[in-house]
Amino acid sequence: MSNSSFPVIAALDALTGALFLLAALGVVATRQVLASLQLFIWQSLLLTLSAVLLGIALASVHLFAVAAITIATKTLLIPWLLRRTVAAEVYRTREIERAINIPISLLLSAALIVLAYVIANPILATVTAPFATINLPLGLAAIFLGAFTIVVRREAVPQMLGLLAVENGVFFSGIAIVPSLPVIAELAAAVDVPVIALVVGLLMRQIYRRLGTTSVGHLAALREQ
Amino acid sequence: MELAAILILPLIASALSLSTLGRRYAAPITLISAAAVLALAISVAGLAAGSGRIDAADGWLTCDALGALVLVLVALVGFTAALFSWGYIAGRAGHPVQHVQRYYGLYNLFVLSMLAIPLLANVALMWIAVELTTLLSAFLVGYEDTPEALEAAWKYVILTTLGAVFALLGFLILYWGSRIAGLEPFTWLGLVEAAPRMPPTLLWPAFLLILVGFGTKVGLVPMHTWLPDAHSQAPASICALLSGVETTTVLYVILRLFPVISGAHGLDASSWFIGFGLVSVGVATLLLIYVRDFKRMFAFSTVEHMGIILVAAGLGGSEAHLGAAYQITGHALAKSFCFFAAGMTVMAVGNQEIASVRGLIRSSPLAALALVAGGFAIAGAPPFAIFVSELVILKAGFTSGHALAVGLLALLVVIAFCAVMFNINRMVFSPPEREIATAAIPVTCKLTLLIAAIPLLTIGIFVPAPLHALLQAAAAAMGG
C-alpha cells in the first residue's frame, strides 16, 4: 500500500500538512498572545482534518476518534479554559516578550524543518506506511517548532501553547505511523491534554494572582550565581 | 491480588483525605495507607525475587525483580515521607486546613502514579503513569506559594511534560515497529522478544527520543535545568519523593529500554548511556562546588547519582548491573534521608543558604547529626551502601575494559564527595558568628529520621539474603 492508492486524499493530506506546518511557524513568529492562540486552534483543526482524511482512506475508526478528541479538547476546551483562568493575559493587546527576534527565529525554524526531514528520511527509506511520507516529517517539524517556541517565549500562555503544539505534532505523525492506534493512545489523548491544560492553567492563574503577571521569563530568582 | 491492592489503597487514602474525615485525620490516614502499601510491596518483592515474575488482573499488571525493587523503594520513601509530612506540613503557619487536605489528597495520588510505573504491563499505560507523576506533583512543588516555588513548579511542569511528549513519539515509533514485527500486546517483555525482528531504523530514533525525553525528567545534563529548582523549592517531604524515587522510577523506564535496544542488531546503547551519564556526573560535580543553597546541593547530587547509575547500566555485565541496582537502592535511602535532614535544618534555622548556617551542632544537634550522616551516606563514604556500590561499579568498569570512563568517574565522584562534605562541615562545625534562634522540631520528624536511619545504616554493612536475591534478580532483568 502506498500513497498512490489514494491520489486525491494524498494530495489533500499534503496540502493539510503544509498548512499545519505553516500554523506551527505562525505560533513561533506571531507577536500577540491572542494571535498565537488562534493559530494554535487552526493547527488543531488541520490535525483533525488530516485524521479524518486518513480515517477515510484507511477505513480506521480510531482516527475518527482522534479527530473527535482533538476537536473537543484543543479547539473547544483549551480556549475556554484559558478564558476562564487568565483572560486578562490572553486578550491584552501587546507584544509578547521573546528571547530571540522574529527574523532569526524564522531562520532557526527553517533549520529545524530541514533537521526533521534529515531524521525522517532514513526511517522512510526502510519502512513504509501509507501517508507516513507526508505526516512523519511534517509532524516532527511541528514538534521541533513547538519546542523552539517554548524556549524563545518568555510568557506562560505562549509556552503552554508551544507545549500543546508539540503534542499536535506527535499526533500528526502518530496517525500515519500507527493508524490503528491502540485504544490506550486515544485514552492518553483524551485524558492527558485536558489534565495538562487544567494543571498548567491553574498554575498560571496562581502565578498571575501572586505576581500580577505571567511573564515567566522574569522569574529568575532561581539560578546559579 | 497484592498488585491491585497496592494501587487501590492510595486511591482510597486520597479520597478520604479530601473528605470531611480528612479535615482532622488526613495525615494518619495517609500514613496507614502508606504502611500497608509498604508491607504489600515487600511481600511482592519476595515473590518476584523467588519466581521471577508475577502477573495479576488478566495480565494488565505485572512485576519482575527490577520492577519490584523500584516498587519497594517508592513504597518505603512514600511511607517515611508521609510520616515526615505529618509534623512538617502541620507546622507550617498560615496554611488553611483545605490546603493541608489538598496536600494529602495529591500526595497519595502522586505516590500512586509512581507505584504504577513498575506495575503496569502495557507500555503505553506506563507512559501515562509517568506523565501523571509530573501533573500530580506540580501543586506539591508549588505548595509554599512563594514566587520561587511557583517559578520552580512552572519550569518543572513545562519542561518535563515537553520531555514526556518527545518520549511519546518514541513509544509510538516502538509500537509501529512492534506491529511490523507482528506483536500485539505492547509490553516490555514483548518488546524484548520482538526487537530482533524490528527494523533498526525504527529502534534507533525511538531510543533517542525516549532517552532525551525521559532523560529530562531524570535530570540528565543538559536537560536538568528545572531539577535543582523543583527539588529545592518543594516542601522537604516532597523533595524526598522527587529526588529519592521519582527520578529513579523514570530512570527505570530508560533502563528497561536497554535490553530492547542492545539485544537487537548490535545497536550500541552502551556508549550513549556512558556518555550521557559521564556528562551528567561532570556537570553536577562542578555545580556542587559552587552551590550556595543546601537543598540545591542535594538536588545536584541527585543529577550526579542518576549519571552514575546510567554509566553503570551502560557498562553492561552482571557485575556492573548489580552495582547499578545497589546504587539505586542506596541513593533512594540516602537521598530521602538527606532531604529529611535538610527539612529539619530549614525548620530549625529558617532558611536554606549554606553561608547563613553556622555551628548547627550546638544550636540543633539532631539536625546537625542527621546532615553529617546523610552527607556521608550520599557522598559515598564507608560504611554506607553507596560506597560499596560505587566500588562495585568502578571495579566492573576496569575489568570490562572501560578504564578511561570509570577512571574519570572515580575522579569526579571524589571531587563531588569533597564538595558535599566541605559544605556540610562548614554548616555543622564552624563556630557560629551570632546566636541563631532555633525553632522546635516536631516529634514525627524526629521519628522519621530514626526510622529512615535504620535501613540507611544497615544495608551498607549487611545485605539481608532476600534483598541480595532481589538485587541479583533485578540486575539480571537489566539484560546482559
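At what angle do the axes of helix α3 (residues 65-90) of chain B and helix α19 (residues 465-477) of chain B cross? The views below come from a predicted model.

**View 1. Crossing of α3(B) and α19(B).** The two helix axes cross at roughly 125 degrees. They come within 7 Å. Angles over 145 degrees would count as roughly antiparallel, and 65 to 115 as roughly perpendicular, so α3(B) is oblique to α19(B). From α3(B), the contact takes Ala65(B), Leu66(B), Ala68(B) and Leu69(B). From α19(B), it takes Leu470(B), Ala473(B), Ala474(B) and Ala477(B). Eight of the contact residues are nonpolar; none is polar and none is charged.

**View 2. The largest nonpolar core.** This core has 288 residues. Ala68(B), Leu69(B), Leu71(B), Ala153(B) and Phe340(B) have the most contacts inside it. Two of these, Ala68(B) and Leu69(B), also belong to the α3(B) side of the contact with α19(B). Helix α6 (residues 147-180) of chain B gives the most to the core: 22 residues. In soluble globular proteins, nonpolar side chains tend to be buried together.

**View 3. Surroundings of Phe340(B).** Phe340(B) is among the residues with the most contacts inside the core. Neighbours within four places in sequence are left aside here.

View 4. Chain B has 19 helices and two strands. Its C-alpha atoms fill a box of roughly 70 × 55 × 45 Å along the principal axes. Of the 480 residues, 64% count as buried. Take the contacts in chain B with a separation of 6 or more: residues 24 or more positions apart account for 80% of them.

**View 5. Where chain A touches chain B.** How many residues of chain A are in contact with chain B? The number is 38, and they meet 38 residues of chain B. On the chain A side, α4 (102-126), α5 (132-152), α6 (156-177) and α7 (183-211) each supply at least two residues. Helix α7(A) gives the most, with 13 residues. By type, the chain A side divides into 28 nonpolar, six polar and four charged residues.

Note on methods:
Residues are numbered from 1 along each chain as its sequence is written. Chains are lettered from A and ligands numbered from 1 in the order in which they are written. Axes are lines fitted to C-alpha atoms, for helices over the stretch in contact, and angles run from 0 to 180 degrees between N-to-C directions. Helices (H or I, at least four residues) and strands (E, at least two) are DSSP runs, numbered from the N terminus. Angles under 35 degrees count as roughly parallel, over 145 as roughly antiparallel, 65 to 115 as roughly perpendicular and the rest as oblique. Two residues are in contact if their C-beta atoms, placed from the backbone, lie within 7 Å. Ala, Val, Leu, Ile, Met, Phe, Trp, Tyr, Cys and Pro count as nonpolar, Asp, Glu, Lys and Arg as charged, and the others, Gly among them, as polar. A residue is buried if 20 or more other C-beta atoms lie within 10 Å of its own, exposed if 12 or fewer, and partly exposed in between; C-beta atoms are placed from the backbone. A nonpolar core is a set of buried Ala, Val, Leu, Ile, Met, Phe, Trp, Tyr and Cys residues joined through C-beta atoms within 7 Å.
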